Amino acid sequence: GNGVGTEIMNKYFSEVLGVDKDILPFKKFLQSDVTNIKQVEDKSFDGVFCFEVIEHLDKDKQKLLLKEIDRISKKGFVIGSVNKYGSNFIQNTEIYKGDRNQFHKKELTVGDFGEIAIEFKKKGYKIELIGSFYKEEEQIFIMDLLNNDSYCNYLKVLKK
């Protein structure tokens with residue numbers, strides 16, 4: 001990635017650690033495979049925010065990513081990803097120019113998010129599903145509503 005998400009998080013949180021396979025110009029940054037972050041101990045962070053990463057991995061690696069995020073977070077995490085069948089437009093601008101992103105190995109569907117939610121719910125975690133939509137130049141987030149029209153979907157997982 002280009003570190004935009006880490007840059008945004010730095011504005012809102014006192015301590016942020018960016019993780020990427022490439023080196024980025026941030027104060028606290030770790031170069032690592034996100035499916036196996038050996039340098040980070042169990043429950044090292046209150047929360048983890050993983051945005052537009054999971055779709056760059058195949059299904060087996062996606063499972064490893066979720067397991068790793070669960071391992072390093074104390075209180076929970078948020079996973080965000082583009083919707084495989086969602087809108088290809090933001091603010092009347094076509095995102096993929098007629099095709100999906102060539103770097104995405106497995107974009108998640110609403111059903112995929114549902115399956116992930118069920119697995120974490122079985123562990124006793126509190127789950128929220130969130131869909132984001134674009135309407136008249138602004139992004140709108142709707143809790144507990146995912147459908148094939150959402151541009152991005154988010155899974156918020158809170159541990160007990």
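**Burial, strands and side-chain contacts**

Colleague: Is Asp70 buried or exposed?
Modeller: The relative accessibility of Asp70 is 10%. The class of buried covers values under 20% relative accessible area, exposed those over 50% and partly exposed those in between (1.4 Å probe, protein chains only). Asp70 therefore counts as buried.

Colleague: Which pLDDT is required for side-chain atom pairs?
Modeller: Residues are numbered from 1 along each chain as its sequence is written, and side-chain values use heavy atoms, with hydrogens and water left out. This is a predicted model, in which totals for chains, interfaces and linings use all residues, local features need pLDDT of at least 70, and side-chain atom pairs count only at pLDDT 80 or more.

Colleague: With which residue does Asp70 form a salt bridge?
Modeller: A salt bridge requires a side-chain nitrogen of Lys or Arg within 4 Å of a carboxyl oxygen of Asp or Glu. For Asp70, the closest N and O atoms of the pair are 3.2 Å apart. The pair links distant parts of the chain, 53 residues apart, with Asp70 in helix H2 and its partner in the loop between H3 and strand S7 (126-135); helices (H or I, at least four residues) and strands (E, at least two) are DSSP runs, numbered from the N terminus. The partner of Asp70 is Lys123.

Colleague: How many residues of strand S4 are buried?
Modeller: Strand S4 spans residues 73-82 and is largely enclosed by the rest of the structure. The reason is that, of its 10 residues, the number buried is seven.

Colleague: How many bridges join S4 to strand S9?
Modeller: Two strands pair if DSSP finds at least two bridges between them. Strand S3 (residues 45-51) pairs with S4 in the parallel sense over six bridges. S4 and S9 (residues 152-158), by contrast, run antiparallel, with Lys156 as the bridge partner of Val78. The bridges between S4 and S9 number seven.

Colleague: What handedness has the β-α-β unit made by S3, helix H2 and S4?
Modeller: A crossover is right-handed if, with the strands pointing away from the viewer, the path from the first strand over the helix to the second runs clockwise. The unit made by S3, helix H2 (residues 59-72) and S4 is right-handed.

Colleague: Are the rings of Phe120 and Tyr125 stacked or edge-to-face?
Modeller: Both Phe120 and Tyr125 are buried. Their ring centres are 5.8 Å apart and their planes lie at 15°, so the pair is stacked.

Methods:
Phe/Tyr/Trp six-rings, centres within 6.5 Å; stacked < 30°, edge-to-face > 60°.
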